[in-house]
Amino acid sequence: QSQLSQALNGLSDRAKEAKEFLVQLRNMVQQIQENSVEFEACLVAQCDALIDALNRRKAQLLSRVNKEHEHKLKVVRDQISHCTVKLRQTTGLMEYCLEVIKENDPSGFLQISDALIRRVHLTEDQWGKGTLTPRMTTDFDLNLDNAPLLQSIHQLDFVQMKVSSPVPAPPILQLEECCTHNNSATLSWKQPPLSTVQVEGYILELDDGNGGQFREVYVGKETMCTVDGLHFNSTYSARVKAFNKSGVSPYSKTLVLQTSEDTQSEEQTLPFPVPLERSQLRRSPFSSTLNLQPSFSGRSYFELRSSAHQLSLHSSLQSLNSAVDIKKMVAVAWFSFDPSSAHADIIFSNDNLTVTCNSYDDRVVLGKTGFSKGLHYWELSIDRYDNHPDPAFGVARMDVLKDAMLGKDDKAWAMYVDNNRSWFMHNNSHTNRTEGGITKGATVGVLLDLTRRTLTFSINEDQQGPVAFENLEGLFFPAVSLNRNVQVTLHTGLPVPEFYASRSAM
């Protein structure tokens, strides 16, 4: 009895524990149901947010298609109108000539025959300048690459709550490979030498140049990146962090760097050049374009300062070489034409300083450097000028139309000129016809004053017309449109012309 009583006491304890465990399990059933409802609601909300974002993007892309549709129709309708007028004029001339041929008075016929023959030849020549070639294709060159997004959707999965690998350590900025060049900044970084944590990529952030919030300018696996399209004479802060499946590392130390000033020296050798055998990603914070380009040595005028929380690179021309005679220039930009953004018909030579075209239609080419502040002047010498074409010179946004004359859309501000006169054009609006044209050997000057927000042109060092455009604001790239009858060569880093310097002093 005593042994059985002791055994029952032990079994009773187990039964009591089992009852408590059953209560716990029943509570877990209730908690699982509640958590399931909450988790499903969260999942639906996240998926709905993705669907909403996709619908918004769909609407934006459809808007772009509609704009392209309207633009194509406008160009074709303009050409129809232009061709109709010319055909009416040609038909009228033909009818008049047929009536003149019937003239029975020889002396009267001889008085007007030479003029009529010249007029007929001139009209025929006008039809031979690509007038009967469509200015616009019917195809929509808007290719949507949805493969990466579909792949991401297929890979969309739940992240486990517990991970075994740690997050990466903060990257280290390699100061000897960081530099500025005009309005571009090159940054390089690496993982700490003793770090063994796997890194999947890096996130580079820059502020707005005015001490504002940081924004992402590059996400990827590369450890060197060049950011284009920054403001001249501005101070930027940069930082980078690493990430893997476990999470994101803390930020690196902040790097403060100065872009080139409005007054700059002639070409100098870098005290810390970027190795040419490496490659880097070039990224503009004003554009979504991302392309791989070879590294450049660049120019960097800085001295190094360090503290516990910040590293600083800032402009210091005097620290380069006190024995060097530095020639101050008003316009600092040294740049060339940009093959990567030009129309495919543009032909480059002379280290991308000379351009022409293999088409009778106008094609656009941009400069490599964009401007948003300061005073900038460059010239274009006319190396070839045949059959009186109408090249156009000026500035444009990066997304300007590349297959039409500069100034046809609202993304360009230009002067187009023939052998007798010139016009200013923006958004296909022609203004300020001015006498005086160009020939082979002429020089066209473009002066962009973003302090006064104006654009002025000159031909052979004399101002052409009034101030062409005012109230300019934003990022502008030097631009030219030309066809196969024109070849021009770019000259940069020039002083402001006398006509503008004297006007500024008044």
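Q: Which strands form the open sheet, and in what order?
A: Keep in mind that this is a predicted model. There are 7 strands in that sheet, in the order β14-β15-β26-β17-β22-β23-β24, and the pairing is antiparallel.

Q: What makes β14 and β24 edge strands?
A: Each of them pairs on one side only. That goes for β14 (346–349) and for β24 (462–463).

Q: How do you know that β14 and β15 are paired?
A: Count the bridges: two strands pair if there are at least two bridges between them. β14 and strand β15 (residues 354–357) have 4 bridges and run antiparallel, so they pass the cut-off. As an example, Ile 346 sits opposite Cys 357 in β15.

Q: Why is strand β3 called largely enclosed?
A: Buried means under 20% relative accessible area. In β3 (residues 184–190), 6 of the 7 residues are buried, so the rest of the structure largely encloses this strand.

Q: Which strands are joined to β3 by bridges?
A: Among them is β1 (residues 172–173), with 2 bridges; here Leu 173 has Trp 189 as its bridge partner. Strand β2 (residues 179–181) is joined to β3 by 3 bridges, and strand β6 (residues 224–227) by 4. β3 runs antiparallel to β1, to β2 and to β6.

Q: What lies between β2 and β3 in their hairpin?
A: There are 2 residues between them, and Asn 182 in the turn has a positive phi of about 55°.

Q: Why does Gln 174 count as buried?
A: Gln 174 lies in the loop between β1 and β2. Its relative accessibility is 11%, and the cut-off for buried is under 20%, so Gln 174 counts as buried.

Q: How far is the C-alpha atom of Gln 174 from that of Lys 190?
A: They are separated by 7.0 Å, although the two residues are 16 apart along the chain.

Q: Why is Leu 25 called partly exposed?
A: Leu 25, in helix α1 (residues 2–101), has a relative accessible area of 33%. Buried is under 20% and exposed is over 50%, so Leu 25 falls in between and is partly exposed.

Q: Which residues make the nonpolar surface patch of about 450 Å²?
A: Leu 25 is one of them, along with Phe 21, Leu 22, Met 28 and Ile 32.

Definitions and conventions
Residues are numbered from 1 along each chain as its sequence is written. This is a predicted model: local features need pLDDT of at least 70, side-chain atom pairs count only at pLDDT 80 or more; totals for chains, interfaces and linings use all residues. Side-chain values use heavy atoms; hydrogens and water are left out. Buried means under 20% relative accessible area, exposed over 50%, partly exposed in between (1.4 Å probe, protein chains only). Patches are made of residues with over 30% relative accessible area and no salt bridge: like charges are joined within 9 Å, nonpolar side chains (Val, Leu, Ile, Met, Phe, Trp, Tyr) within 5 Å. Accessible areas come from the Shrake-Rupley method with a 1.4 Å probe; for residues, only the protein chains shown count as cover. A salt bridge is a side-chain nitrogen of Lys or Arg within 4 Å of a carboxyl oxygen of Asp or Glu.
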